[in-house]
Amino acid sequence: MSTTPTPPTHADDQRGTEVLDERTIVGTESKRRTGAGKRLATAAVVFICLLWTIPTLGLLISSFRAEQAVKGSGWWTQFVTPFSNWTLENYTEVLEAGMGAAFVNSLAVAVPATVIPILAAAFAAYAFSWMRFPGREVLFVMIVGLLVVPLQVAFIPLLRLYGDVGITGTFLGIWLAHTGFGMPLAIYLLRNYMSSMPREVIESARVDGASHFQTFWKLMIPLSVPALAAFAILQFLWVWNDLLIALILLGGAENRVVTQALAALIGSRGQDWHLLTAGAFISMIVPMFVFFSLQRYFIRGLTAGSVKG
Amino acid sequence: MLKVANALIAVVGGVGGIIVLFWVLNTLVERLPEKWENRVKPYVFIGPAILAVTIYLVYPALRTVYVSFLDARSENFVGFANYTVLATDRAIRSAIFNNVLWIVTVTGVSVSLGLIIAVLADRMSPLGERLAKSVIFLPMAISFVGASTIWLFVYAWRPEGQGQIGLLNAIWSGLGGEPQVWLQVSTGRLNTFLLIVIMIWLQAGFAMVLLSTAIKGVPEETLEAARIDGATEVQIFWRVIIPQIASTIAVVSTTIVIGVLKTFDIVFVMTGGNFNTDLVAVRFITELFQFRQFGRAAAIVVVLMLATIPVMIYNIRQFRAQEAQ
């Protein structure tokens, strides 16, 4: 209990690279050619990029146009008469129509539903990497096997269980569900990362008298930040974007999240495109922000998590 | 305001709860005699995680298999009756057919497109490559419901004579066609293909990112050697690059197949499974909530589970081989 080990600085980014590879986004190779081939390739890619962007662009532009304008003419007419009849009213209206409350609910669901599984998985991953105990192998193989199990298996038994316990429609109920469903991937990713740390680092901490609990908090967690961040983003976006689990376990009551609110809006006001477009954008703001600010971690997580279904 | 305060309290409670749980468990274990402490501690560390997967995956999976042999209200044993229905019911067979269509088309097109974009972007300037990849990849961050809204708008329909506000009908009527309610046109499963387009739009970026990594991993010397031997770029692509990245193609394809197998949101939101667009995972919800046929719903899930078993076995084998090294 005397000295606590100091984590070695900046060694962490290099580890576990066979799982968390991030060369993807930065082009470092030299096999590019010059001349006509290059121009043709660029033209083709630009064309595909345009195709990929147009649907979203149409939605974004429409969300700022007045109701009559959205319903009366195509959004592309805005290229002829830019910014005519633009307004923020669609957003105020849809926020008041329940999207605002749903947004708050989504946050209340997504933050704990990300933190809880990460912490539980990190403890488990530490034990699987650095502790010896009977059943270790079998349990971890079970985790690997569970990676691809479709989560639909859970619903029939859970509906009854949740009814009996009385947590249908509560935040607690949905946090725990996302914890269970996200757990195999979380343990798998974190264990791969943690077990690739040099044995000496952990052992020297243990020799210094640190308990496993201390080693975990003061050494392993700081060293695992890249892997933790990668999984956190994956799980957060997954929870934020989920409709199925929310639909079944949260129900249509006051706790409904943005995806439910948007789906309900499509069902009840399917022709009110000024509201649907604004509502869709409200539901996408957080994922888009996460995507643009943390893209590197997001891609790491996806790459590492491609074993999962 | 009250709403926000409530949410905040919930968040703090949830996050704090798990931290306190581990702290209390750990403190309790540390009071045990040392021999016992060392024996019990690993189980304290893995305990909550294992408990979670047991409650949410293992137990439900077993229970669902059991329920699939019971009747609609899970009261009487009916043997394989639910499975017989799956094999014979026309609506369910149509859903299974659509699932196969989805799996083949989405996987094939997403992987090919991802590969093409990865190869092409590799020849652009680094900045251009980065931008292009971000654009293609962006839909991965969007929810299925959000994507559905985007595409509902593309497919929107107005009666002939009124200005079309959906892009597809605008182009279609611009070419002289009569405006169509696209999502209801099931001739040649056209509406299913229009829904498939959405999934491809979402998945191609994923395929592209993984394949691009793999392509960049092909050693430059190998490519040079092939060029010196007089191979054309097309030959190099098919005979050098493709074999080298075959395992990545397999991983990407499997991931997409499993994802597509469980596709629910897009169809649920856009057509509700009507007009011949139903899918197995949507049918599951219909049987469960609309028809209250628990046995049949369970049987559908068991079929989904069986479909993923080969991948499960493959994953475990891969893991074992990796550990043995």
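## The contact between chain A and chain B

In this predicted model, chain A contributes 122 residues to the contact and chain B contributes 115 residues. About 10400 Å² of area is buried between chain A and chain B, and carbon and sulfur atoms give 76% of that area. Sorted by class, the side of chain A that touches chain B is made up of 82 nonpolar, 27 polar and 13 charged residues.

Across the interface of chain A and chain B one salt bridge is found. This salt bridge joins the side chains of A:R191 and B:E323, with an N to O distance of 2.9 Å. Eleven residue pairs are in polar contact between chain A and chain B, counting pairs in which both residues have pLDDT 80 or more. On the side of chain A that touches chain B, the largest share comes from helix α3 of chain A (residues 89-130), which supplies 16 residues.

## The build of chain B

Chain B holds 14 helices and zero strands, and its pattern along the sequence is accordingly written α-α-α-α-α-α-α-α-α-α-α-α-α-α. For its 325 residues the globule rule gives a radius of gyration of 20 Å, whereas the value for chain B is 26 Å, well over that figure, so chain B is more spread out than a compact globule. Taken along the principal axes, the C-alpha atoms of chain B fill a box of roughly 80 × 60 × 55 Å.

Of the 325 residues in chain B, 53% count as buried. Among the contacts in chain B with a separation of 6 or more, 63% are accounted for by residues 24 or more positions apart.

## Salt bridges

Side chains of opposite charge can pair when their charged atoms come close. Over all chains, a search of the whole structure finds 16 salt bridges. One of them is formed by B:E233 and B:R123, whose closest N and O atoms are 3.1 Å apart. This pair links distant parts of the chain, with B:E233 in helix α10 of chain B (residues 233-244) and B:R123 in the loop between α4 (90-121) and α5 (126-137), 110 residues apart. The two partners fall into separate accessibility classes: B:E233, with a relative accessible area of 23%, is partly exposed, while B:R123, at 18% relative accessibility, counts as buried because that value is under the 20% limit.

Two further salt bridges in chain B are each contained within one helix. In helix α5 of chain B, B:E129 and B:K133 lie four residues apart, about one turn of the helix, and their side chains meet in a salt bridge with an N to O distance of 3.0 Å; both B:E129 and B:K133 are buried. In helix α13 of chain B (residues 280-290), B:R283 and B:E287 are four residues apart and therefore separated by about one helical turn. The side chains of B:R283 and B:E287 meet in a salt bridge at 3.2 Å, N to O, and both residues are buried. In chain A, salt bridges that share partners join A:E67, A:K71, A:R269 and A:D272 into one network.

## Residues with positive phi

Most residues other than glycine have a negative phi. In chain A, A:F83 has a phi near 60°, a positive value in a residue other than glycine. The loop between α2 (67-72) and α3 of chain A is the place of A:F83, and this residue is exposed, with a relative accessible area of 61%.

In chain B, B:F275 is not a glycine either, and its phi is positive at about 55°. B:F275 is placed in the loop between α12 (265-270) and α13 of chain B, and with a relative accessible area of 37% B:F275 is partly exposed.

A:S224 is found in the loop between α8 (212-223) and α9 (225-241) of chain A. Leaving aside residues up to four places away in sequence, A:S224 touches A:Y193, A:M194 and A:M197.

Key. Residues numbered from 1 in each chain as written. Chains lettered and ligands numbered in written order. Predicted model: local features only at pLDDT ≥ 70, side-chain atom pairs only at ≥ 80, totals over all residues. Heavy atoms only, no water. Contact = heavy atoms within 4.5 Å. Buried area = accessible area lost by both parts, 1.4 Å probe. Salt bridge = Lys/Arg side-chain N within 4 Å of Asp/Glu carboxyl O. Polar contact = N/O pair within 3.5 Å; in protein donor to acceptor, adjacent residues only side chain to side chain. Helix = DSSP H or I, 4+ residues; strand = E, 2+ residues; numbered from the N terminus. Nonpolar A, V, L, I, M, F, W, Y, C, P; charged D, E, K, R; others polar. Rg over C-alpha atoms; globule rule 2.2 N^0.38 Å. Buried < 20%, exposed > 50% of the residue type's maximum accessible area, 1.4 Å probe, protein only.
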